[in-house]
Amino acid sequence: MSTNGRDPLLVVEDLRKHYPVHGGVFGGRIGDVRAVDGVSFSIEAGQTLGLVGESGCGKSTLGRTLIRLEEPTSGRVRFDGQDIAHASRQELFRLRRDVQIIFQDPYSSLNPRMTVGEIVREPLVVHRVGTKASQIDRVRSLLETVGLSAEVVDRYPHEFSGGQRQRIGIARALALEPRLIIADEPVSALDVSVQSQVLNLMVGLQQKMGLTYLFISHDLSVVEHVSDAIAVMYLGRIVELGRVDEIFEKPAHPYTRALLAAVPVPDPQRRQAAPPVQGEAPSPMAPPAGCAFHPRCPFAVDACRAEVPALQPVSGTGHTAACIRIGKI
């Protein structure tokens with residue numbers, strides 16, 4: 001999302017990721033799971049876009065599709081003008097130096113058979129960056145940058161706590177000096193007391209190194225702390241997009257209001273009075289007709305069941321929402 005008129009570093013246009021479903025007597029294709037279904041947004045260099053939504057809405061699939069860990073069904077992903085979605089294997093290999101990912105689970109994302117030094121050094125070896133001596137020096141420097149002692153290089157992941165393992169994952173992501181990092185729920189598996197330490201580390205690294213983040217989370221309070229703008233995702237689509245202050249102070253979509261109402265807020269003046277959302281999200285294999293949120297929306301009318309709403313302006317600042325009843329609820 002552009003906030004000051006500069007050209008964005010990452011531009012996503014109508015991105016889709018559908019998974020075929022097979023069944024029946026002959027195992028034929030009986031449908032598709034629409035995990036990501038027409039997503040568009042942009043992020044400026046040095047900014048953080050928070051991507052939020054319930055579990056199963058497609059957030060992690062979107063993050064993995066952006067860097068081709070999952071192959072997109074259709075759409076475009078342009079990083080600094082280059083189309084990642086249609087890049088060749090060689091082009092994608094070069095792009096890996098500029099675009100990295102921090103995985104959700106610090107326990108499964110690190111190879112238990114490799115030492116910390118080997119884990120952090122591996123990207124440098126794969127991309128043939130520097131000599132062995134310079135790579136080792138780089139590893140030690142990275143470990144100190146993320147708040148670990150350089151003396152832990154010969155230890156194994158099982159010897160560390162969850163927060164320390166995530167710091168190792170962050171060091172690995174920083175090894176190639178990337179410009180964009182996709183953080184896929186990087187603190188959701190950590191204790192609350194450790195979450196703030198890792199978040200503060202990521203914010204500090206962004207300021208120091210000029211990093212750009214796509215920060216994926218289901219926790220709005222976490223996203224508010226680190227983001228410049230927020231995209232709210234529901235059933236494979238973005239239903240609201242805007243600056244952090246706009247989303248928290250003037251949410252336009254009923255789903256966003258429901259998410260905010262569910263966040264514990266210590267300040268009574270900031271509590272939101274919103275009707276409760278009933279039921280669970282529909283299956284992405286069989287989304288409802290019209291607005292996908294209408295079966296759970298307390299403001300739904302007949303038109304909501306027939307028309308798929310597109311993102312439309314809420315204000316002149318780039319705040320948009322996908323609801324045909326904007327301004328009427």
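**Pockets, a cavity and a helix pair**

Let's start with the largest pocket: 24 residues line it, and nearest its centre are Asp37, Arg237, Ala292, Val308 and Pro309. Keep in mind that this is a predicted model. The volume of this largest pocket is about 360 Å³. Which strand gives the most to its lining? S2 does, with five residues. Strand S10 (237-243), like strand S2 (28-43), supplies at least two. By class, the lining has 17 nonpolar, four polar and three charged residues.

Next, the second largest pocket. It holds about 310 Å³ of space. Its lining has 13 residues, with Gln100, Ile101, Phe103, Pro123 and Arg172 nearest the centre. Strand S6 (99-102), H3 and helix H5 (162-174) each give two or more residues.

The axes of helix H3 (residues 116-126) and helix H4 (residues 132-145) come within 9 Å and cross at roughly 120°. The two are therefore oblique to each other. The crossing is right-handed. Which residues meet? From H3, Val116, Gly117, Val120, Arg121, Leu124 and Val125; from H4, Lys132, Gln135, Arg138, Val139, Leu142 and Leu143. That contact divides into seven nonpolar, two polar and three charged residues.

Last, the cavities. How many reach 30 Å³ or more? Six do. The largest cavity has about 100 Å³ of space. Of its 15 lining residues, Cys291, Cys297, Cys304, Cys323 and Ile324 are closest to the centre. The lining counts 11 nonpolar, two polar and two charged residues.

Conventions
Residues are numbered from 1 along each chain as its sequence is written. This is a predicted model: local features need pLDDT of at least 70, side-chain atom pairs count only at pLDDT 80 or more; totals for chains, interfaces and linings use all residues. Side-chain values use heavy atoms; hydrogens and water are left out. Axes are lines fitted to C-alpha atoms, for helices over the stretch in contact, and angles run from 0 to 180 degrees between N-to-C directions. Helices (H or I, at least four residues) and strands (E, at least two) are DSSP runs, numbered from the N terminus. Angles under 35 degrees count as roughly parallel, over 145 as roughly antiparallel, 65 to 115 as roughly perpendicular and the rest as oblique. A crossing is left-handed if the near helix is turned anticlockwise from the far one by less than a right angle, and right-handed if clockwise. Contact means heavy atoms within 4.5 Å. Ala, Val, Leu, Ile, Met, Phe, Trp, Tyr, Cys and Pro count as nonpolar, Asp, Glu, Lys and Arg as charged, and the others, Gly among them, as polar. On a 1 Å grid over the protein atoms alone, a cavity is a set of points where a 1.4 Å probe fits but cannot get out, and a pocket is an open set with protein on both sides within 12 Å along at least five of seven lines; lining residues have an atom within 4 Å of a point. Grid points are joined across faces, edges and corners, and a volume is the space filled by probe spheres set on the points.
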